[in-house]
Amino acid sequence: MWLSEYLDGLSRPENVYGCYRVTFGLALFFGLVPYYVDSSAAGCLRISWIGLANIIVRIFFYTLNFYCSIIERRSLMSNLSLTNLSRLTADLEMFNGIFGIIAVLVVSFLNREELVYLIKLFNSLESELFPRVGINFRQIQAAYQINGLAAFLLSTLLIFVGYSYFKVFTIARTYLSNLAMLSYFSPHFIICAVCILVCGLFIKLRIYFSALNEVLKNLARQWDTHSIKAVQKQRSLQCLDSFSMYTIVTKDPAEIIQESMEIHHLICEAAATANKYFTYQLLTIISIAFLIIVFDAYYVLETLLGKSKRESKFKAVEFVTFFSCQMILYLIAIISIVEGSNRAIKKSEKTGGIVHSLLNRTKSAEVREKLQQFSMQLMHLKINFTAAGLFNIDRTLYFTISGALTTYLIILLQFTSNSPSNENGNGLECSEALHNITNQTV
């Protein structure tokens, strides 16, 4: 009985807390937050003592695991027998991954109250403010988007880990200790959990701005070109993406604009709270992802160009496949975060155009004053997501990463080319690597 009720709550959430039940369940399991979603009708986040213990145990376990891996020198990368430069980059990648993950867990725990406050803001928007302007949210569609994204990211990671362990390393007959596996793949799961949580919050912010824009558009449609009339006495239901909109009988335009300003202010406050909570996590995750993409691209190019003699049990095709898949995995993580942030920002920027369109059409002094106040608010309240204030989380990040990736790859490949051990035989190694890949492919 309880299982059917639980599954029904997942498929048909009643409030904003129900939308994030799966998301917070994953975050609780991976040690990001000590909260779970209460299944009551009102909904809330409740602290879990098991979750608190899970966070402490994970931090201690990751630290001990990392220490043992260094002492025993039994990391995954040590089994690949790379060049000296590659071993240096591999050690840097391991240090960055483990310390970055510990930092993510610690910062998430210390700032946990910000996340609770953020969800309360979401609930206040959906249960109090939006209904005043005729918006009812359809939680099923929102939960479908949030849970669908979570399923995509998690399934992609599980496929990569499963393929790496059961296909690549098994064929290569490479012995991997449990410590080596945990040290290498633990950061992947933590980063995936953070991506699921932050992207789920971005989806809600985008939906809120879409709903606010529809309210203002609906107000514009109710005006004629000569005068502002009171809202018609009817309740017409209009079903949109993740919410339904109906006409409020007793609202006049000035009152709707005033309440729209309150809604906009609260959405911007929620976005600022989300940025405050995730700013250091995003910095850590994007830094880890960037380094892994650089190193993986270097390993692949080093093999394809025949820059090094590898004596590992990996064949060239397995080596290239493993690091190419890992590089794609982290590219997906970066794209998910950047696109979620960018779509929310783009939706917020459309509000200004709608407000100024109303301002040009209005003839009422009272409504004009309200719209001018709204315009001033839009100038001073703009959502922006940054990584600790160092760079913005938007599409400009693609260009930045591409330029830095090209620069570092050229530098690494030049170091490899100038290495004394690689002065001779590069052409033969290149031919052998490409010949092995061709034979494996055929």
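## Exercises on a predicted helical model

Helix H9 (residues 253-304) packs with helix H11 (residues 365-380) at an angle of about 10°, and their axes lie 9 Å apart. This is a predicted model, in which local features need pLDDT of at least 70 and side-chain atom pairs count only at pLDDT 80 or more, while totals for chains, interfaces and linings use all residues. Residues are numbered from 1 along each chain as its sequence is written, and side-chain values use heavy atoms, with hydrogens and water left out.

**Exercise 1. Classify the packing of H9 with H11 and describe the contact.**

Step 1. Axes are lines fitted to C-alpha atoms, for helices over the stretch in contact, and angles run from 0 to 180 degrees between N-to-C directions. Helices (H or I, at least four residues) and strands (E, at least two) are DSSP runs, numbered from the N terminus.

Step 2. Angles under 35 degrees count as roughly parallel, over 145 as roughly antiparallel, 65 to 115 as roughly perpendicular and the rest as oblique. The angle is about 10°, which makes H9 roughly parallel to H11.

Step 3. Contact means heavy atoms within 4.5 Å. On the H9 side the residues are Pro253, Ala254, Ile257, Gln258, Ser260, Met261, His264 and His265. They meet Glu366, Val367, Lys370, Leu371, Gln373, Phe374, Gln377 and Leu378 in H11.

Step 4. Sorted by class, this contact of H9 with H11 has 8 nonpolar, 6 polar and 2 charged residues. Ala, Val, Leu, Ile, Met, Phe, Trp, Tyr, Cys and Pro count here as nonpolar, Asp, Glu, Lys and Arg as charged, and the others, Gly among them, as polar.

**Exercise 2. Describe the chain and its largest nonpolar core.**

Step 1. The chain has 13 helices and 5 strands. Of its 442 residues, 53% count as buried; buried means under 20% relative accessible area, exposed over 50%, partly exposed in between (1.4 Å probe, protein chains only).

Step 2. Among contacts with a separation of 6 or more, 83% are between residues 24 or more positions apart.

Step 3. A nonpolar core is a set of buried Ala, Val, Leu, Ile, Met, Phe, Trp, Tyr and Cys residues joined through side-chain atoms within 4.5 Å. The largest has 126 residues, and those with the most contacts inside it are Tyr20, Leu32, Phe122, Phe130, Leu205 and Ile337.

Step 4. Take Phe130 from that list. Leaving aside neighbours within four places in sequence, Phe130 is in contact with Leu125, Ile135, Phe137, Tyr208, Ala211, Leu212, Ile263 and Ile267.

**Exercise 3. State whether Ile98, Glu214, Glu302 and Val133 are buried or exposed, and place each one.**

Step 1. Ile98 lies in helix H5 (residues 84-110) and is buried, with a relative accessible area of 5%. Setting aside neighbours within four places in sequence, Ile98 touches Tyr62, Phe66, Ser183 and Pro187, each in contact with it. Ile98 and Ser183 are 85 residues apart along the chain, yet their C-alpha atoms are separated by 7.2 Å.

Step 2. Glu214 belongs to helix H8 (residues 178-221) and is buried at a relative accessible area of 18%. From Glu214 to Ile135, 79 residues apart in sequence, the C-alpha to C-alpha distance is 9.3 Å.

Step 3. Glu302 is in helix H9 and counts as buried at 0% relative accessibility. Its C-alpha atom is separated by 7.2 Å from that of Leu413, 111 residues apart along the chain.

Step 4. Val133 sits in the loop between helix H6 (112-132) and strand S3 (135-137). Val133 is buried, with a relative accessible area of 9%.
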